[in-house]
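Here's a quick briefing to read alongside the model. Keep the viewer open and follow the strands as you go.

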Amino acid sequence: MSTPIETDVAIIGAGPIGLFAVFELGLLDLKCHLVDILDRPGGQCTELYPEKPIYDIPGLPIVTGQDLTNRLLEQIKPFGAQYHFGEMASALEKLPDGKWKLTTDAGTEIVAPVVVIAAGGGSFVPKRPPVPGIEAFENKGDGVGVHYAVRKMESFRDKNILIAGGGDSALDWTINLAPLAKSLTLVHHRDGFRAAQHSVNQMRELEATGKVKFHVASVKSVHGDENGRLMAVTLSGADKKEWMHEIDSFLPFFGLTIKLGPIADFGLNLHENLIPVDTAKFESSTPGIFAIGDINTYAGKLKLILSGFHEAALMAQAAFHICRPNEKLRFQYTTSSSNLQKKLGVNA
Amino acid sequence: MKIVATDRVGKEHVVEGRDGWSVMEILRDAGLPIAAECGGACACATCHVYVEDGWYEKLSPPSDAEVDMLDMALAVEPGRSRLSCQIVCADELDGIKVTVAPE
């Protein structure tokens, strides 16, 4: 395992609120590391609605989720935050010296006096089809059982593969795995796809040449052998007729959903999967752990991006006193302070 | 108008709809387990419901965006599945029956 990273603030979540927290902390000379399970910044803004306009950001009459993210990234660029994308914050531990150690599922360790949870509703994780017993076939090794992502294409060579879904991931993997697979079957609830037209065309070509079998059907149940190896699924067609289909691997692609995840095990007070905070500092009941944005709760809470921005600003003031206990916090405005303007890299 | 909603454990809830509100908003505010992660933007498919007992046919048909988004929903049943953020309460839907889809 690598040496732990030492920083001022570890931020869980690189959505709009986590990003803006970098700005507010940065003005106070606090350095940040951000962890996000997604492979890019923006959180829900870029994962759920990158192209949808947002109309209630002060000063921006209309901005898309992607654009807002881009603008925040530009705004926080001077502060040199470090990002750990594609990693899930999996454990939080208090060290003897009072600092916190945040560990990710990739083994990254971040040690900081302050942790800011800006995780929205939690982690984006793949949607799991409501097929009884499907969990038992997850994590069964390369190329066999149930997989929600393809890490090594080669592991699916000569396998009998079933893909379920009708979006871009379902079609992309159908197209990419068909040449390797022993057989590849795609099932979807309709004879139409949300995916890009060229992908649909490619899939139709593979279907026409017999490389891919497509059924309007859904997976009703999964069957394994006595060793827990996935052997077959029961499919149900449009006419409700059911049949068994033998497979080695089942790849459901229904996009992502939000689950609270390991934060539930951080030992924090939770109220209906939200973290109660005070409204002066947005600190949880555990000193040094702050919660801002959609993940917190307090009297009058509104789940708005602008509320999260406000929460980030107040949190930063409190975080400063923890990180720099012997320093006096000088409250300044970016408009008038040449000191802040220097940090921002702008000419006074 | 009333909405008759069955939750994931089979319990029936009768909730009062409000003209112009989406069925998702009514169910969510009534405490039913509707994630509605995107907040009603037809962008996540986590407000999926089955529309029961002939009510499906009485609704205006889903938009292309909703049909597309249903591709990301789990356990879709053609002829029953809708995204509840796209169903708007109105008097003619008084008594509409829906079941919260599995997650």
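What follows is a short tour of the two chains, topic by topic.

This is a predicted model, so local features are described only where pLDDT is at least 70. In chain A, we'll look at an open sheet of seven strands with mixed pairing, plus a helix pair made by α1(A) and α3(A). Chain B brings three helices and five strands, and 15 of its residues are in contact with 19 residues of chain A.

**The sheet in chain A**

- Reading across the sheet, the strand order is β12-β18-β13-β14-β15-β16-β17 (chain A).
- The edges belong to β12 (145-146) and β17 (242-246) of chain A; each has a single partner strand, so one side of each is left without a neighbour in the sheet.
- Helix α4 (residues 168-177) of chain A packs on this sheet and touches β13, β14 and β18 (249-252) of chain A. The direction of α4(A) makes about 160 degrees with that of β13(A).
- Strand β13 (residues 160-164) of chain A runs parallel to β14(A), and five bridges join the two. For a landmark, find A:A164, which stands opposite A:V187 in β14(A).
- On we go to β14 (residues 183-188) and β15 (residues 213-224) of chain A, also a parallel pair, joined by four bridges. Here A:L186 has A:F214 of β15(A) as its bridge partner.
- With β16 (residues 230-237) of chain A, β15(A) runs antiparallel, and seven bridges hold the pairing. One place to look is A:S221, whose bridge partner in β16(A) is A:T234.
- β15(A) and β16(A) form a hairpin with five residues between the strands. Within that hairpin, A:G228 takes a positive phi near 80 degrees.

**The helix pair in chain A**

- Helix α1 (residues 16-27) and helix α3 (residues 65-76) of chain A pack with their axes 9 Å apart, at an angle of about 20 degrees. That angle makes α1(A) roughly parallel to α3(A), because anything under 35 degrees counts as such.
- As for handedness, α1(A) and α3(A) cross in the left-handed sense.
- On the α1(A) side, the contact is made by A:P16, A:L19, A:F20, A:V22, A:F23 and A:G26. From α3(A) come A:L68, A:T69, A:L72, A:L73, A:Q75 and A:I76.
- What classes of residue make up the contact of α1(A) with α3(A)? Nine are nonpolar, three are polar and none is charged.

**Chain B on its own**

- From the N terminus on, the elements of chain B go β-β-α-β-α-α-β-β.
- Its five strands make an open sheet with mixed pairing, in the order β2-β1-β5-β3-β4 (chain B). At the edges you'll find β2 (12-16) and β4 (81-83) of chain B, each pairing on one side only.
- Strand β3 (residues 48-51) of chain B pairs with β4(B) in the antiparallel sense, over three bridges. In that pair, B:V49 stands opposite B:R82 of β4(B).

**Where the chains meet**

- The side of chain A that touches chain B has eight nonpolar, seven polar and four charged residues.

Methods:
Residues numbered from 1 in each chain as written. Chains lettered and ligands numbered in written order. Predicted model: local features only at pLDDT ≥ 70, side-chain atom pairs only at ≥ 80, totals over all residues. Pairing = 2+ DSSP bridges. Axes fitted to C-alpha atoms, helices over the stretch in contact; angles between N-to-C directions. Parallel < 35°, antiparallel > 145°, perpendicular 65-115°, else oblique. Left-handed = near helix turned anticlockwise from the far one by under 90°. Contact = placed C-beta atoms within 7 Å. Nonpolar A, V, L, I, M, F, W, Y, C, P; charged D, E, K, R; others polar.
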